[in-house]
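Let's take a walk through this structure together. Have a look at the picture first, and then we'll go to the place where the chains meet.

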Amino acid sequence: MLLLLAAGCRPDFGPSLSRVTAARVAAVRFEPAEAAPGASVTATAFVVAPGGATAPALDWSLCVTPKPTTVNDVVDPACLQPGGTTALSSTAAPEMLTLPAMGCRLFGPDTPPQMAGEPPLQSRAPDVTGGYYQPVRADLDGAPTIALARIRCALAGASFEVASEYAATYLSNRNPTLTPVAAYASDGTAVALDAIAAGSVVTLAVGWTDDSPESFPVLDPLAQLLVTHREAMTVSWLADGGEIGATNTGRGEDDPALFTTTTWTAPPTPGTTHLFVVLHDSRGGVDFATWDLIVK
Amino acid sequence: MFRSGAALACLAFAATAYAQASTGELSGVVLERATERPLVGVVVTIAGTERSAITDEDGRFRFSGAPAGPHALVLAPPGGVAVTVDEQIVAGRHRDVRYLVAVAAPGGTYESTVRAPRVERAGVIETGVAREEARRVAGAADDPLKVVEDLPGVARATVGTGEIIVWGAAPADTRVVFDGVEWPALLHVGGWRSTVNAGLVARVSLTPGGFGAEWGRALGGLVRIEGTPPPPAGVHGDIGADLLDGSALLSYAHGRFAITVAGRYSWLDQLAGLVVRGDAAAFIPLPRWDDYQLRASVALRKHERLTLTFLAADDELRRQASVGDPTALRSDRFDRSSYRLLLRYEAERDGAAVEVTPFFGYDSSRTVDQYGPSPAKLTNQSFVGGLRAAYRRRLGRVVVATAGIDALDTHAHVTRLGSLTIPAREGDITVFGQPPGDDVAAADDRIHELDLAPFVSVDVRLGPVTLTPGLRVDAFLFEGNHVVPPVGNQPATGWSRFEWAVDPRLALRWQAHPRVAVVAAGGLYHQPPDPNDLGARFGNPALDPSRAAMVTAGVEARLWATLSAEATGFYRQLDTLPTRSPLPSPPMATALVQDGIGRSYGAQLLVRAAPWHGLSGWLSYTGGRSERRDHPMATSAWRASDYDQTHILTLVAEYAFRHWSFGTRLRWATGFPRTPVVGAYFDTRDARYDPLFGAQNSIRIPDFVQLDLRAEYAFVWTARATLRLYVDVQNVTYQKNAEEFVYSVDWTQRGAITGLPTLAVIGARVLF
């Protein structure tokens, strides 16, 4: 059999998302990580930029337009349009905001009371972790960023017994906690972060505390049972120099390891590269930190 | 003397003129049905006269000065069984006809009554291709059913999909039937190979629209696969292999009994997986398939036959994109199996023809996708059964009446898990690489659809005009186990309803000239909702059958004996199409609403050359538009449908010389519409950018152009065995056709994924 098969080609779009070339919002942490509608939360933005993390003024606003079922995005496109949100403030400091009291009706499973002669409305389905989110918009110099604050809503579509069990056992999400980054050479030996050889390839490892991946119940609507899941952990690696191997790495919910790794190719010349690490849990919890990588 | 001589000349002239006024000319060609090769030495006799002719080396015959009026022509192939056909010889005119004759083996008792080609058609606008011509089309890799993709009116599908898009209709709107029974798919997943072994296919034809009352449950086109007649006596076989797969067929016939078994198994995924790179492998699926068939027939009495057919096809597709983060893994798993058992009874007696085909089947499909943490599962297991029966009888000299019933019963078990937007449907605003919505809903539905459709049609021949009015009445029963999505432990409430659909149809054929015919057809068409759409959580149990009103008209001209041309215009109006509810919180059980309307319109030209000194082929061009409007009562405007392909040009040519045949195929097609990404925002929870879209379907993938070549040599080993060697090279000019748009991770840059630049398939086939 003679085979002349040239594989299909996909264009190369250049540097990956991991290279920080301009200031942008990389993450927003809400404290508490999950709250009931009407509660106050503190939103802290992690703005990365060449030269290190910064704290510029951001334009904060709340999205109050629920998205149609036809939209695959996390928010309705109207939230990205002028006038599509409820403005809060423009501040560089952590933003104290009050979650809309109607959050579970706008973005959760609650539906308006059934009107006479009208059919009841369908409850909105949660995400894979059983959660619902209030979109919060944080614009940096006009570039929009959407952060999702997890809101605590009632369990929809469950029997009374299951809903009662859920209310008794479900614990609101908490933000995870990063542990320090470490670097290793190709032979596995530890490399000090302030003594990385120029042009060398090192493995960067970052971990999280053992209480970071939390267990939580999720409703199986067909079986009418609560199934216990464990949070998956994802790390985003960003840097203003060198080249990151994999931008996002992590551990699935069935993987008990408490760390993840990526590779980093140091620049060919000595200097300082700022490494930005964002840790996500699968219920929207966030932690972030910056480390300096000094190349010699 | 002069005056008497002149009188004699005038008398002779008058006699000649009188003879001409009462005589006409009839010529034609007689071809073998399965291969369309000329039949030489066929004795053609005008029954009741002394007139006879014998077909020459091109299969042609001619009668000059034949008595005008209706006649029965008897066609007697050498060593075969004679067949009879009714013809009309028009005084003072020349008529050219074309016969396809199934030549029964000596000793066989089955006699085929060859009707006029029009009666064998599902509609007046139909293109049919015999198996041997179809399999030699360049780019088809020796698969005759793949020729459907090259017929006029069929869009060029995106690589790896195998979708049949006819006159802008959604693939699900076009029906495929085998010997009259619906068959779920013409092509295996990926579109590499058809689902029925070529050895069981006599002919494939496409009616893009305007089909008669015998057919329904479709808003688009109709693809008919005609199974082969009983094989010749003795043991015969067909064993082949190429880059894609291997197949085998074995037949045995003796006396009244004949049986054929066939099977195929693919290995493309194992071979190609060695060389296809990561990104391309994620976009261009490499499926695995197999199919197997059995066909047994027994001649009960003269003009009476029973045929049992079993069809089976399996598909499997695995695709996984590695992104380094196990929580962002993308994987697709698709499995599909289809089985049909048909028992067809055919009889001709006392001027009437009867066909009765009860059938049973099972279809299973399973899609399991993972988009990072979000699952998407859709399974459908359906038991189907039904009956097709038709009674056709000539009433007098000008009327042929047909009455029958077309019944289909489907019991489906549908389970779904994932976003409401999965799977994507026509009208969804999506882009390649975008994850689905993060909502996860679930459903477990049992749906029952029953359609009882009696039909009647009448062919009325009034001189050169044949009118075919018809009427089809579909009585639908829809049932389900959930009228609303179940909540908690509340007992499920089922639902049941009847719907009626009355579909008048009309076709006209006017033989305006011995070489020119004007054809037209139109009517109403209904299509029941897909069982997957009748669930309460993901669909709407109250969906009604969708509806289309269609009209087509055209001119057919036989330019020469072997060159014909057809020009056709079409217009199709659709309404009550299911679309997604635009509401953030739709009422219960209304994730789908029935607001959609659509329209398709255009024209096509087909110039076709029957074999002439070894040359044959066709040139087809289709130009048209397919548009949709999702919510006319709201603000939605007309837009191009996802299946709109404005221009489709196909040139197929073949030259056969002794044991060689060479073929070429040239295709040019407009790209499908796409919705542009005009902006983006960063989603911090998922650490990704999400797209913002512009006007729906306002840009297009670049045009597709491709040239394919084929060469075959048939080596005759013995009188019984032939070895065919072929090479089929697709895209010989290394055209880098764009198949899909792709964007950078921040959606600021757009490029295109190109398909497989060149593919050479070398194969061999042994026939004995």
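**Where chain A meets chain B**

Across the interface of chain A and chain B, 14 residue pairs are in polar contact, with both residues at pLDDT 80 or more; such a contact is a pair of N or O atoms within 3.5 Å, where within protein one must be able to donate a hydrogen and the other to accept it, and residues adjacent in sequence count only if both atoms are side-chain atoms. On the chain A side, the elements giving two or more residues are β1 (24-31), β8 (145-151), β14 (233-239) and β16 (248-251). β1(A) gives the most, with five residues. Strands here are DSSP runs (E, at least two residues), numbered from the N terminus.

This is a predicted model, so local features need pLDDT of at least 70 and side-chain atom pairs count only at 80 or more, while totals for chains, interfaces and linings use all residues. Residues are numbered from 1 along each chain as its sequence is written, chains are lettered from A and ligands numbered from 1 in the order written, and side-chain values use heavy atoms, leaving out hydrogens and water.

How many residues does the contact take from each chain? It's 62 from chain A and 78 from chain B, with contact meaning heavy atoms within 4.5 Å.

There is also one salt bridge between the two chains: B:Arg685 pairs with A:Asp127, the closest N and O atoms being 3.8 Å apart. The term means a side-chain nitrogen of Lys or Arg within 4 Å of a carboxyl oxygen of Asp or Glu.

Note on methods: Helices (H or I, at least four residues) and strands (E, at least two) are DSSP runs, numbered from the N terminus.
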